[in-house]
Amino acid sequence: MLSKFVSRDTLKGYLYLAPALAVILFFFLGGFLIAFVQSLGYFPVIGMEEFTLKYYKEVFQNPEFLESLQYTLHISFISTAIATVFGTALAYFFLKTTPHNPLFHFIHKVPIAVPHLVAALMIVFILSQGGIISRLFVKVGWITETADFPAIFYTQNAIGIILIYIWKEVPFVTLMVYTVMKNIHTKLGEAAATLKASQLQVFCHVILPLSMPSIVSASAIIFAFSFGAFEIPFLLGATYPKTLPVWAYLNFISVDLSARPLAMVINMLVSLVCTVLIFIYYLSMRKYLRKWS
Amino acid sequence: MPKIILKEMTKAYEGNPAIARVSLEIEDGELLALVGHSGCGKTTLLRLISGLTAADQGHIWIDGVEVTGQKAEERDVVMVFQENLLFPHLTVAENIAFGLKMQKVPRKKRTEKTKEMLELMQLPNLGKRYPAELSGGQQQRVALARALALEPKVLLLDEPLSNLDPKLRDELRELILRLHRELQMTTVLVTHDRDEAMMMADRIAVLYYGKLLQVDQPVNIYRYPAAREVASLFGQCNFIPGLLKDGEFQTEDYRFTVPALKRGGRVEACIRSEHIKIARPQEDRPTGVILEKKYLGGQGILKIGVGNLIFVARGNNYFDLDIGNQVSLDIDWSQVSFTKGDHFPGDQTSCG
Amino acid sequence: MKNLKTLRAIINLMILMVIVVPFLVLVVWSFSQGWPTNALFPKEWGLRGWSYLFSPESKMLSSIATSTLISLTVTVLAILLSIPAGKALGVYEFKGKKVVEIIVLAPLIIPTITVGMGIQIVFIRYGLTDTLLGVILVHLPIVLPYGIRIFASSYKAMGIKWEEQAQVLKAKPWQRFWYATLPFLYPGIISAGVLMFNVSFSQYFLTYLIGGGKILTLPILLFPFVNSGDRVIASGLGLVIVAVSVAFMVIVEKIISSPEQETNFYYL
């Protein structure tokens with residue numbers, strides 16, 4: 001039996017949520033739903049009114065799909081792994097040096113104030129053929145002209161894209177992990193020190209395991225982000241293969257409207273990967289929290 | 001006419017009754033203490049009076065006007081919470097004037113009233129400080145001042161002293177009593193501290209799992225508890241089942257002559273530990289062996305096994321006795337109260 | 001001990017370099033005027049890039065206005081929507097709360113490309129494409145999760161005790177919010193405001209898809225410059241974008257003074 005108290009609470013809860021939820025449901029999940037329906041071949045505007053899985057089949061059978069998936073995973077995995085390791089290490093570095101480290105407050109603002117596009121611009125100006133580094137190499141005499149500098153943009157190795165993501169994501173990981181580490185440190189650091197643990201032992205046995213949920217969550221977020229990102233691979237990616245989001249977009253803007261369901265199929269697959277990833281992170285986090293709290 | 005009348009008030013949280021059919025009348029200018037173990041519904045009852053919580057059933061009148069449907073801001077009642085909840089972004093003066101500002105009282109009047117309250121609370125010159133700059137005792141005074149600035153008909157205090165250390169507690173208790181005497185304000189005080197209730201209250205209302213067991217003056221609550229639960233809430237009690245008959249209290253092994261009593265039948269005698277004196281072994285008295293000995297303040301507390309009963313006795317001169325000694329009990333029957341033999345039928349539901 | 005200090009200094013220097021050098025490169029490019037392909041430094045310096053950017057021809061100034069207008073509107077609307085939503089999630093217990101929490105997180109999980117390509121057709125049908133309103137509407141759900149999460153945790157920490165305290169002091173509902181609750185929300189408003197403004201401010205794909213190139217925001221203007229075009233102008237534009245973001249942060253923190261500005265919310 002629900003008492004009056006509960007039902008009043010429920011009512012208030014729904015009432016307060018309604019506007020925000022309406023916006024998300026209508027403009028966001030609505031868009032997702034349309035994309036889903038179109039991926040099943042339902043697109044009445046151009047007279048397609050049948051539900052079918054053939055576009056899924058078509059995407060799966062296309063050899064470009066696997067290559068594109070691989071390319072996207074390649075970018076996301078490497079950038080996430082490196083950003084996570086660097087970010088965690090930096091967080092620990094700041095933990096050991098902060099109240100006196102003015103750099104920290106600087107790094108606090110940078111990731112927020114610099115959009116990905118600007119970050120991309122900066123990295124391109126530094127590392128492309130014709131960038132500052134290549135000019136430096138010419139000056140030093142290691143290469144005769146900037147065009148001899150190894151290409152990292154528009155390439156299959158995608159090093160340029162990965163570096164852009166790392167530059168942007170390391171501060172993000174650092175801040176997320178630092179906050180948690182600081183809490184742990186103030187709570188348990190002294191206790192561990194009185195137990196005669198060395199700095200390394202404290203880090204390995206106390207700080208690192210306890211901040212693992214935030215590390216995992218930060219890396220899940222940056223992975224999902226880079227996996228679904230469009231602008232930078234579109235601008236700086238290889239001509240072949242494309243990342244999945246870019247491939248989806250090219251199908252989307254195709255003059256041939258019947259390519260649109262293919263775009264939506266790819267979209268669904270990207271969303272699926274992101275969702276599954278966040279879900280796995282959520283599960284591991286729950287298990288972890290049970291263990292540690 | 002009573003200031004507050006509660007009739008059949010009932011409140012449940014998620015199906016668990018917190019307050020069950022409580023009826024209570026609180027007199028004008030009275031200080032009533034609501035007492036009970038934690039989770040018995042004291043705070044819920046206070047919130048029902050304040051209007052913060054709406055009752056599921058029942059009615060409430062304040063000053064002869066039914067306020068059952070009124071919200072807290074419409075009732076002429078102010079509550080002081082256990083945590084003092086001074087707004088940290090406002091100065092002491094702004095905190096005290098808060099209620100007046102909400103009611104759009106002109107600034108000049110607010111300033112006057114604030115000054116008056118600061119003097120009343122013996123906090124002059126602190127008006128410009130922020131709450132974080134005050135001591136715990138000062139903060140609680142400001143919280144009181146903020147409530148009193150509204151000149152409410154009824155003041156509700158939810159454990160106002162429980163977060164203070166003993167010395168400050170004594171001070172603030174005296175202050176509350178003084179204010180209560182001076183302002184003649186109807187006050188309801190929630191506390192789990194029986195001594196506090198005994199010292200401060202004109203009457204005490206005892207709550208047990210959401211039900212009102214007894215409402216009476218402190219001395220009566222102590223001497224004539226209406227139920228076993230009331231008795232044990234106000235001191236250590238030995239409960240001895242027996243039969244009241246022909247001016248005697250009969251247990252399996254003993255018969256005691258007791259003062260004339262109205263009722264008879266199967267009862268439970270509530271013998272307070274301080275009303276048992278220890279004597280040399282005597283034939284016609286309950287006699288047993290000391291099992292345990294402890295000290296509390298200047299008193300000794302003894303556990304004495306008599307047959308299959310264990311008595312707890314308390315007194316000043318028990319220091320010389322040792323565990324194992326044979327003693328007899330000398331019970332002051334004029335101080336013993338009797339309650340119905342069967343337990344109070346309190347639901348074993350938990351609350352709040 | 002001395003080694004440790006040196007190590008610290010070296011790491012600090014490296015961090016500083018990695019952060020600062022890219023900005024320096026942009027600054028140098030933006031003031032250059034003729035920079036031969038293989039030269040390490042520009043041959044000539046000048047204000048060509050800047051004077052172009054500040055001329056109407058470049059559309060930079062109008063884009064700053066458009067971008068600011070969109071992001072500011074989005075931020076204000078999102079704060080107004082997410083305060084009550086945050087309260088619902090932070091304070092009340094109700095059926096379906098878990099589901100709502102997941103829905104609220106969805107815009108952080110599902111990529112914007114999916115949603116943008118899906119919703120575009122609806123926006124076309126209702127004439128919302130190529131309009132400011134359309135862009136604002138499509139930005140809203142993207143920024144809302146940040147605000148809702150921040151305010152939910154503010155409300156969770158604060159509870160409703162302050163509201164009740166104000167209520168027993170005779171405050172009416174709007175007075176309770178204004179005098180008792182809002183001051184506690186200031187730090188949340190700062191971090192949510194800065195976050196949401198910047199998420200909207202740096203949004204490219206949705207603005208492009210719904211604005212159709214007609215709504216010129218700064219990222220739309222910058223986009224083609226990333227891989228081609230005049231580097232002098234591109235550099236200036238990049239710096240301007242960062243400058244506007246920083247200016248917004250500084251202004252917000254100045255306007256809303258709050259005792260504890262350090263917050264734990266970041267975005268990508």
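**View 1. B:Glu268 sits in strand E14 (residues 265-272) of chain B.** Strands (E, at least two residues) and helices (H or I, at least four) are DSSP runs, numbered from the N terminus. B:Glu268 is buried because 20 other C-beta atoms lie within 10 Å; the cut-offs are 20 or more for buried, 12 or fewer for exposed, partly exposed in between, with C-beta atoms placed from the backbone. The C-alpha atoms of B:Glu268 and B:Arg169 are 37 Å apart. Along the chain, 99 residues separate the two.

This is a predicted model: local features need pLDDT of at least 70, side-chain atom pairs count only at pLDDT 80 or more, and totals for chains, interfaces and linings use all residues. Residues are numbered from 1 along each chain as its sequence is written, and chains are lettered from A and ligands numbered from 1 in the order in which they are written.

**View 2. Chain A meets chain C.** In contact (C-beta atoms, placed from the backbone, within 7 Å) are 76 residues of chain A and 69 of chain C. Helix H1 (residues 4-39) of chain A gives the most to chain A's side, with 20 residues.

**View 3. The largest nonpolar core has 160 residues.** Such a core joins buried Ala, Val, Leu, Ile, Met, Phe, Trp, Tyr and Cys residues through C-beta atoms within 7 Å. Helix H7 (residues 159-194) of chain A gives the most to this core, with 16 residues. C:Leu140 is among the residues with the most contacts inside the core. Not counting residues up to four places away in sequence, C:Leu140 touches A:Val23, A:Phe27, C:Val74, C:Leu77 and C:Ala78.

Technical notes: Two residues are in contact if their C-beta atoms, placed from the backbone, lie within 7 Å.
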